[in-house]
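I opened the file to look up a few local features and wrote down what I found. The entries follow in the order in which I checked them.

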Amino acid sequence: MSKHLSCEGNYGILDAVAYENIIPMYGFLTPVGGGDPFPLSKAEITVGRHKSCDIILNFSNVSGKHCKLVLSEGYWYVLDLQSTNGVKLNGNKVTDHRVDPGASLAISKHFFKLQYDPEKNGASGVPPSTTLQDNNLLSQSLMQRAGLEKPKQQETEEEQQLEAEADTPDSGEPNHEAIRAPRDFFSELVFD
């Protein structure tokens, strides 16, 4: 039996047979009370009124970029993008929260069900933390959490520039911008 599905969003109107075989599927955001489901085909999906959003909700009470749905460890999370009318999960206002399968999600006053299978999305074992922020925190080392070590991807622009300069061939002339005078700690001391 073939599946027919009509979806709107940045995908336009789509009538596909066995849609899951065409685009990877991580679930559906289905309007409560009727309407076509929105396919969740990427790990990060922006929802809002603006045309750059992945799922466009053209309602005046929906912010331009209202919220983001993020797939992490097989589960979907909703992040409120500082919207005017907020996001509710099962009736409770949230800013960052895991959305379990079948949960009720209100974007402003528009209600949806998030339908997905965590195991098909790569989940195994106990569900991850209820917030994405806590999930990311658990992926850091104790030194990083204490602020004593930076993750590799959070290098400052200055560090990246210094690395780039170190990789460029030496022209024979000194690079005065890359040379820094040592800091004089003693001049900063104050004696009573």
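Where is the place of serine 108? I found serine 108 in the loop between strand 12 and strand 13. I note that the model is a predicted one.

Entry: Serine 108 is buried, with a relative accessible area of 10%. I then listed what serine 108 touches beyond four places in sequence: Asn61, Val62, His66, Asn85 and Gly86. With one of these, asparagine 61, I found a polar approach: its backbone oxygen lies 2.9 Å from a polar atom of the serine 108 side chain.

Asparagine 90 also has a positive phi, near 50 degrees, and is not a glycine either. I placed asparagine 90 in the loop between strand 9 and strand 10. Asparagine 90 counts as exposed, at 51% relative accessibility.

Entry: I traced an open sheet of six strands, in the order 4-3-13-12-9-10, with antiparallel pairing. Strand 4 (38–39) and strand 10 (92–94) each have a single partner strand, so one side of each has no neighbour in the sheet. Inside the order I checked strand 9 against strand 12: they run antiparallel and are joined by three bridges. Leucine 89 has leucine 105, in strand 12, as its bridge partner.

**Entry: the core.** The largest nonpolar core holds 29 residues, and Leu29 and Leu69 touch the most other members. I went through the strands that supply at least two residues each and noted strand 5 (44–48), strand 7 (67–72), strand 8 (75–80), strand 9 (87–89), strand 12 (104–107) and strand 13 (110–115). Strand 8 gives the largest share, five residues. For leucine 29 I listed the contacts outside four places in sequence: Pro37, Phe38, Leu40, Ile55, Leu69, Leu105, Phe112, Lys113 and Leu114.

**Entry: cysteines.** How many disulfides does the count come to? I counted zero. Cysteine 53 is in no disulfide, and the nearest cysteine sulfur, that of cysteine 67, is 8.7 Å away. I read that distance as too far for a bond, since a disulfide needs the two sulfur atoms within 2.5 Å. Cysteine 53 is buried at 0% relative accessible area, and cysteine 67 is buried at 0% as well.

**Entry: salt bridges.** I searched the whole structure and got three salt bridges.

- Lysine 42 and aspartate 54 meet through their side chains at 2.8 Å, N to O. Lysine 42 is in the loop between strand 4 and strand 5, and aspartate 54 is in the loop between strand 5 and strand 6 (55–56), so the pair ties together parts twelve residues apart in sequence. Lysine 42 is partly exposed at 36%, whereas aspartate 54 is buried at 13%.
- Lysine 68 and glutamate 44 meet at 3.4 Å, N to O. The pair links distant parts of the chain, with lysine 68 in strand 7 and glutamate 44 in strand 5, 24 residues apart. I noted lysine 68 as partly exposed at 24% and glutamate 44 as partly exposed at 44%.
- Arginine 98 forms a salt bridge with aspartate 100, with the closest N and O atoms 2.7 Å apart. Arginine 98 is buried at 12%, and aspartate 100 is partly exposed at 32%.

How values were computed. Residues are numbered from 1 along each chain as its sequence is written. This is a predicted model: local features need pLDDT of at least 70, side-chain atom pairs count only at pLDDT 80 or more; totals for chains, interfaces and linings use all residues. Side-chain values use heavy atoms; hydrogens and water are left out. A nonpolar core is a set of buried Ala, Val, Leu, Ile, Met, Phe, Trp, Tyr and Cys residues joined through side-chain atoms within 4.5 Å. Buried means under 20% relative accessible area, exposed over 50%, partly exposed in between (1.4 Å probe, protein chains only). Helices (H or I, at least four residues) and strands (E, at least two) are DSSP runs, numbered from the N terminus. Contact means heavy atoms within 4.5 Å. Two strands pair if DSSP finds at least two bridges between them. A polar contact is a pair of N or O atoms within 3.5 Å; within protein, one must be able to donate a hydrogen and the other to accept it, and residues adjacent in sequence count only if both atoms are side-chain atoms. A salt bridge is a side-chain nitrogen of Lys or Arg within 4 Å of a carboxyl oxygen of Asp or Glu.
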